[in-house]
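I opened the notebook for a friendly look through one model today. My entries follow in the order I looked things up.

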Amino acid sequence: MANFTLDDVRQRTYKARDAWWTVLLVDPLASRLVKFTANRTRITPNQLTVGALILGLAAGGCFAVASWPWLLAGALLYHLSFTLDCMDGKIARLKGTGSVFGAWLDYIFDRVRVLACAIALMGGQYHATHNTAYIWTALAVVFLDMLRYMDALEIYKVRSQMRATLQAARHEADSLELAAQRANGGAVDEDLLSAAGAIADDPEADMENRVVGDDPANAALQQGFNERFPWYARIRPFLTATRIRPHLISGIEFQMGVFIVAPIAAAIVSGAVIPVVVLSAAGMLAFELIIIYKFWLSTRDYSRTMTKLDARIATHRSEPAAAPEYEQTGAATSTG
């Protein structure tokens, strides 16, 4: 059996930035369960994913009953389901047993859990009250969950492409400058090539698995946002130290609001489900709009930066002595 320590779990599995719900209410329990599971059992990440789905479906069964004891039980089971869902990724990172299929399974089962619990919770409330607003609320929850995931995946893909293009263009511009220096007999700064390689992005790393703000390519994409909101630089060290990401109401908090806070509130005050869901949805949409705005600023910064880099590249390519030397170095060609 393995002998992972709690510090191993924290250092190797905690995301550099994560949802505050996960940081404060899930990781303290999940890390200890991960330590026990990794050291004492042969449970795999995929088995934890299946277990999370089973608990999620059990939570849905409790929601469907709609009476206050079952609503509380459903909220507890959903929280435990989410804890297992966090554990599968931590076990995979800790043991190096992650897989493409496991990532796909986790994504699909997450969506199934949300769909089942939304239908069960709102269906139970509709059966108890005959208020058709619960049916529309169920549709809205499922729609918002899918919309958020599709938007996040698309933005991540486009930003990754922009970073890769910036890095390739910067590498080409730096290599052409080195070639020009060599051709003209000037002193060559060999650290320049090392610096160009150091900024390369890790395609396997998720944006939330590490602190990325100091990456030069990312800094170029965040210049417009930083200029408009200079106060963010003052609170960023606190958020980095606590691992809490500035996106305070994400899809995770939205799910917890719908499937944990709303059932608990409804167990105390009848009819509280819809107001809590509406507040959770409004908070998530507000932060999603901020992300879209920041993404729009990034695209403008990207265009300006690429224009400058393309100008540098064009200048050095026009120098007769630099082009042949550059071709011999085998440097990458700009994709921008």
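How many nonpolar, polar and charged residues does the lining of the second largest cavity have? I looked it up and found three nonpolar, one polar and four charged residues. The classes put Ala, Val, Leu, Ile, Met, Phe, Trp, Tyr, Cys and Pro under nonpolar, Asp, Glu, Lys and Arg under charged, and the others, Gly among them, under polar.

**Ground rules**

I am working with a predicted model, where local features need pLDDT of at least 70, side-chain atom pairs count only at pLDDT 80 or more, and totals for chains, interfaces and linings use all residues. Residues are numbered from 1 along each chain as its sequence is written, and side-chain values use heavy atoms, with hydrogens and water left out.

**Entry: the cavity**

I noted two cavities of 30 Å³ or more. A cavity here is a set of points, on a 1 Å grid over the protein atoms alone, where a 1.4 Å probe fits but cannot get out, and lining residues have an atom within 4 Å of a point. The second largest cavity holds about 30 Å³ of space; for such a volume, grid points are joined across faces, edges and corners, and the space filled by probe spheres set on the points is taken. I listed its lining as Thr49, Ala52, Leu53, Asp85, Asp106, Phe109, Asp110 and Arg113. Helix α5 supplies the largest share, four residues. Helices are DSSP runs (H or I, at least four residues), numbered from the N terminus, while strands are E runs of at least two.

**Entry: Asn46**

I then moved to Asn46, which sits in helix α3 (residues 45–65). Asn46 is partly exposed because its relative accessibility is 27%; the scale calls residues buried under 20% relative accessible area, exposed over 50% and partly exposed in between (1.4 Å probe, protein chains only). Apart from neighbours within four places in sequence, Asn46 contacts Phe101, Gly102 and Leu105, contact meaning heavy atoms within 4.5 Å.

**Entry: salt bridges**

I have ten salt bridges on the page, each a side-chain nitrogen of Lys or Arg within 4 Å of a carboxyl oxygen of Asp or Glu. I picked out Arg243 with Asp27, at 2.8 Å from N to O. Arg243 is in the loop between α9 (232–242) and α10 (251–268) and Asp27 is in helix α2 (residues 20–40), so this pair ties together parts 216 residues apart in sequence. Both ends are buried: Arg243 has 14% relative accessibility, and Asp27 has 1%. Asp27, Lys90 and Arg243 are linked in a salt-bridge network.

Next I took Lys157 and Glu154, whose closest N and O atoms are 3.5 Å apart. Both residues lie in helix α6 (residues 133–183), three residues apart, about one turn of the helix. Lys157 is partly exposed at 42%, and Glu154 is partly exposed at 41%.

Asp301 and Arg304 gave me 2.4 Å between the closest N and O atoms of their salt bridge. They are three residues apart in helix α11 (residues 273–317), so about one helical turn separates them. Here I find Asp301 buried at 1%, while Arg304 is partly exposed at 41%.

**Entry: positive phi**

Most residues other than glycine have a negative phi. I flagged Ala66, a residue that is not a glycine, with a positive phi of about 80 degrees. Ala66 is in the loop between α3 and α4 (68–95) and is buried at 16% relative accessibility. Arg243 came up again, with a positive phi near 70 degrees.

What does Gln125 touch, not counting residues up to four places away in sequence? I found Ala66, Leu71, His130, Tyr134 and Val273. Gln125 itself is in helix α5 and is buried at 7% relative accessible area.

**Entry: the record**

UniProt, in an unreviewed entry, places "transmembrane region" at residues 50–71, 133–150, 248–268 and 274–296; its positions are given in the numbering used here, feature names are shortened, and annotations may be inferred rather than shown by experiment. I checked residues 50–71 and found 91% helix and 0% strand, with end C-alpha atoms 23 Å apart. Residues 274–296 came out at 100% helix and 0% strand, with end C-alpha atoms 32 Å apart.

Technical notes: On a 1 Å grid over the protein atoms alone, a cavity is a set of points where a 1.4 Å probe fits but cannot get out, and a pocket is an open set with protein on both sides within 12 Å along at least five of seven lines; lining residues have an atom within 4 Å of a point.
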